[in-house]
Amino acid sequence: MTAIDFIDVSAHQGAIDWAAVPVPAIIKATEGRTFTDPRFHENFVGASRAEKLIGVYHFLTSTSPGAAQARHFLDTVGGNPAPVWVLDWETDTTGTLPGVATAQEFVSEFRALAPDCNLVLYGNDARRGFAIRHRLPFWCARYPASAQLDTVERSLRASGDWAWQWTSSATVPGIAGRVDANRFLATPPPMEGQPMPITDDDLIRIRAFCGLDPVPTRDYNDDGTFSETAPLPVVQLTANAHSEA
């Protein structure tokens with residue numbers, strides 16, 4: 001069975017018992033120009049306290065300019081830089097695949113406003129060419145039959161993909177329903193073989209893997225606030241869309 005290196009979650013997973021979740025996660029932050037995932041702050045705090053937060057993601061829509069969406073993403077996550085920032089580019093809730101121009105606007109604006117943040121592109125195989133042209137690590141969504149898992153993993157590794165979402169129907173402790181399961185592909189896999197919960201060394205490894213300098217985490221207090229020490233590594237990614245407000 002293919003290993004689960006990390007999961008990605010959104011409000012669709014409902015309330016999560018982060019202390020019971022055995023793997024790190026990327027969480028959904030935003031969608032479109034105005035929508036914030038209803039459980040973003042809850043997941044942000046819960047995953048952070050459990051030391052399982054490694055990234056955040058934005059769901060791209062076809063109904064707003066890409067630059068405005070990038071600003072919404074950055075404004076919502078705010079002063080809590082993530083080791084992994086993800087642009088999720090797939091068919092939106094209107095049944096439309098956002099155009100290349102929208103994705104390009106998003107990437108350009110994100111890089112202009114956050115030049116030190118590492119952006120990853122998530123999508124199916126058809127998005128890989130865009131990722132290569134724009135020098136973005138690529139997180140590929142492909143769900144093969146069980147007998148083809150090893151073959152597909154070798155193929156995606158050969159393509160230089162950063163990570164692979166190999167199923168949307170995994171189950172893990174701490175989450176009542178199904179969840180997306182992912183595997184790191186690039187060498188070296190930052191979480192492979194590492195015990196959970198994530199330690200500071202694991203977070204440093206993830207940041208280094210993403211081309212970022214090591215940064216200590218913030219300390220969260222019981223009331224949800226944190227001690228101002230250094231930027232917090234945060235996690236986030238996939239979830240199927242919600243309509244924009």
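Guide: Two residues are in contact here when their heavy atoms lie within 4.5 Å. With that in hand, welcome to this predicted model.

Visitor: Which residues does W18 touch, leaving aside its neighbours within four places in sequence?

Guide: The contacts of W18 are V9, A25, I27, N43, G46, A47, A50 and K52. W18 also belongs to the largest nonpolar core, which has 46 residues, and stands with I7 and F110 as those with the most contacts inside that core. A second, separate core holds 13 residues, among them V86, A141, A163 and F184.

Visitor: What makes F6 and W162 a tilted aromatic pair?

Guide: Their ring centres are 6.2 Å apart, and the limit for a pair is 6.5 Å, so they pair. Their planes stand at 55°, which falls between the 30 degrees below which rings count as stacked and the 60 above which they count as edge-to-face, so the name is tilted. This pair links distant parts of the chain, 156 residues apart: F6 sits in strand β1, and W162 in the loop between α5 and β8. Both F6 and W162 are buried.

Visitor: Why is the pair of F40 and F44 called tilted?

Guide: The centres of F40 and F44 lie 5.7 Å apart with the planes at 55°, so this pair is tilted. Both residues belong to helix α1, four residues apart, about one turn of the helix.

Visitor: How do you know whether F40 and F44 are buried or exposed?

Guide: Buried means under 20% relative accessible area. F40 has 1% and F44 has 6%, so both count as buried.

Visitor: Why is the contact of R71 with E109 called a salt bridge?

Guide: The closest N and O atoms of R71 and E109 are 3.0 Å apart, and the cut-off is 4 Å, so the name applies. R71 in helix α2 and E109 in helix α3 are 38 residues apart.

Visitor: What makes R71 partly exposed and E109 buried?

Guide: R71 has 37% relative accessibility, which lies between 20% and 50%, so R71 is partly exposed. E109 has 19%, which is under 20%, so E109 is buried.

Key: Residues are numbered from 1 along each chain as its sequence is written. This is a predicted model: local features need pLDDT of at least 70, side-chain atom pairs count only at pLDDT 80 or more; totals for chains, interfaces and linings use all residues. Side-chain values use heavy atoms; hydrogens and water are left out. Rings of Phe, Tyr and Trp (its six-membered ring) pair if their centres lie within 6.5 Å; planes under 30 degrees apart count as stacked, over 60 as edge-to-face and the rest as tilted. Helices (H or I, at least four residues) and strands (E, at least two) are DSSP runs, numbered from the N terminus. Buried means under 20% relative accessible area, exposed over 50%, partly exposed in between (1.4 Å probe, protein chains only). A nonpolar core is a set of buried Ala, Val, Leu, Ile, Met, Phe, Trp, Tyr and Cys residues joined through side-chain atoms within 4.5 Å. A salt bridge is a side-chain nitrogen of Lys or Arg within 4 Å of a carboxyl oxygen of Asp or Glu.
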